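Thanks for coming, everyone. Let me put the structure up, and then I'll walk you through it.

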Amino acid sequence: MFDLASALRTAILLAGLAFSCGFQFSNAYYSPRNPEREVRVSTRYIILHTTEAPGSSALMTLRDLGEANFCVDTDGRVFRIVDHRRTAYHCGRSMWDGRVNLDECSVGIEVVGYHDRDITPAQYQALGALVAELKFLYHVSDERVLTHSMVAYGAPNKWIPRNHRGRKRCGMLFALPRVRQKLHLLAQPRYDPDVRAGRLINGDPYLANVLYGRGAPPAAAPAVPTTRERVQTIGADGASAGDIAGEEAWRASTLYIFRDGHFLRGSQVPQKVRNKLPPGTRMLVGFAVCGPLCATRRASDVCGARWHLPDTFYLLPGGMLKAGNEISANQLASGTMIFYRN
Ligand SMILES: [Zn+2]
């Protein structure tokens with residue numbers, strides 16, 4: 001049977017004209033890696049990422065390494081990085097529904113921003129249009145528009161003995177129903193097929209809850225936690241470190257800040273005291289450490305524009321913990337440590 005819509009799509013694809021009418025993008029960061037990248041045989045998924053870095057530096061890296069097909073900047077400009085038909089290296093170690101190496105069967109879109117912060121109105125508009133165009137072109141259903149955090153997985157390590165989900169939180173916000181609705185995505189995965197099938201274990205309960213833990217009505221969906229909710233306190237409601245973060249509690253990226261202002265990484269906490277951390281110990285999950293600050297090493301030197309974000313934290317000499325949006329640069333005394341999302 002002759003299928004006009006399908007025939008038209010094929011013709012558009014073959015002509016490579018898919019983006020010539022109606023969709024504007026810039027080639028300012030077109031990657032020199034294009035000629036060496038294979039043309040994909042099939043395209044089943046669209047995978048959304050957040051750069052976790054400001055636009056200019058992210059775009060240069062994406063271009064140099066060919067790490068995305070598109071990048072959507074905060075002002076809504078769309079940059080073509082790797083031709084949409086070619087393989088971009090955006091997923092790393094990845095699995096979805098038993099398939100691995102998702103780069104080989106997906107288009108990757110980087111969105112300038114952070115996994116737990118809302119994107120700009122201009123980005124909603126541009127990303128929604130770009131995703132719609134790609135969905136049409138490659139016959140991708142809404143359930144197959146995924147986030148990097150859904151598909152990334154980690155190899156066994158010192159803390160988690162098996163292949164596990166939770167290697168990345170990248171693009172996490174694109175699993176939230178209110179965000180997907182604004183992108184005209186009306187369906188999404190309701191569970192992790194690889195964890196359910198036993199191919200992976202869940203290495204990040206917090207992430208799994210954001211991706212799949214909500215109840216049916218979108219209005220009841222949990223929002224991405226606020227800054228204050230992210231600073232967990234041991235002993236509150238009887239919670240231990242393991243209750244709060246599972247196996248992630250003992251990774252180097254989990255930080256324990258004691259009342260006297262000293263801190264340890266999860267990997268530095270001796271096994272025998274793990275269940276005996278003093279109540280009131282503050283806990284940050286998924287952070288990098290930098291510092292101490294001094295006269296020649298300011299916060300913006302260490303973490304750039306992130307220095308004043310609400311999810312960058314400062315441990316002041318004396319033990320007080322302040323978020324980036326609660327301090328001014330000249331308040332930061334020598335000896336202050338910085339913890340920022342990694
Ligand atoms: Zn990513």
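**Strand S6 and its partners**

Start with Phe70: its bridge partner in S6 is Ile109. Before going on, a word on the source: this is a predicted model, where local features need pLDDT of at least 70, side-chain atom pairs count only at pLDDT 80 or more, and totals for chains, interfaces and linings use all residues. Residues are numbered from 1 along each chain as its sequence is written, and side-chain values use heavy atoms, with hydrogens and water left out.

Back to the pairing. Strand S2 (residues 70–72) runs parallel to S6, joined by three bridges. Strands here are DSSP runs of E, at least two residues long; helices are runs of H or I, at least four; both are numbered from the N terminus. Two strands count as paired if DSSP finds at least two bridges between them.

S1 also runs parallel to S6, with six bridges. There, Leu48 has Ile109 of S6 as its bridge partner.

How many residues of strand S6 are buried? Six of the six, so S6 (residues 106–111) is largely enclosed by the rest of the structure. Buried means under 20% relative accessible area, exposed over 50%, and partly exposed in between, with a 1.4 Å probe and protein chains only. In a regular strand, side chains alternate between the two faces of the sheet. Both faces of S6 are covered: Ser106, Gly108 and Glu110 are buried on one side, and Val107, Ile109 and Val111 on the other.

Now the metal. Which residues coordinate the zinc ion? His49 (ND1), His148 (ND1) and Cys170 (SG) do, at 2.1 to 2.2 Å. His49 sits in strand S1 (residues 45–50), and Cys170 in the loop between strand S9 (164–165) and helix H5 (177–182), so this pair ties together parts 121 residues apart in sequence. Donors are N, O and S atoms within 2.8 Å of the metal (3.2 Å for Na, K and Ca); water is not among the atoms, so sites may look incomplete. Along the chain, the donor spacing reads H-x98-H-x21-C. His49 is buried, at 1% relative accessibility. Cys170 is buried too, at 9%.

Next, a three-strand sheet. It is open, ordered S8-S9-S10, with mixed pairing. Strand S8 (153–154) and strand S10 (201–202) are at the edges with a single partner strand each, so one side of each lacks a neighbour in the sheet. S9 and S10 pair in the parallel sense over two bridges. Arg165 has Asn202 in S10 as its bridge partner.

Last, the whole chain. It has ten helices and 18 strands. Of its 342 residues, 50% are buried.
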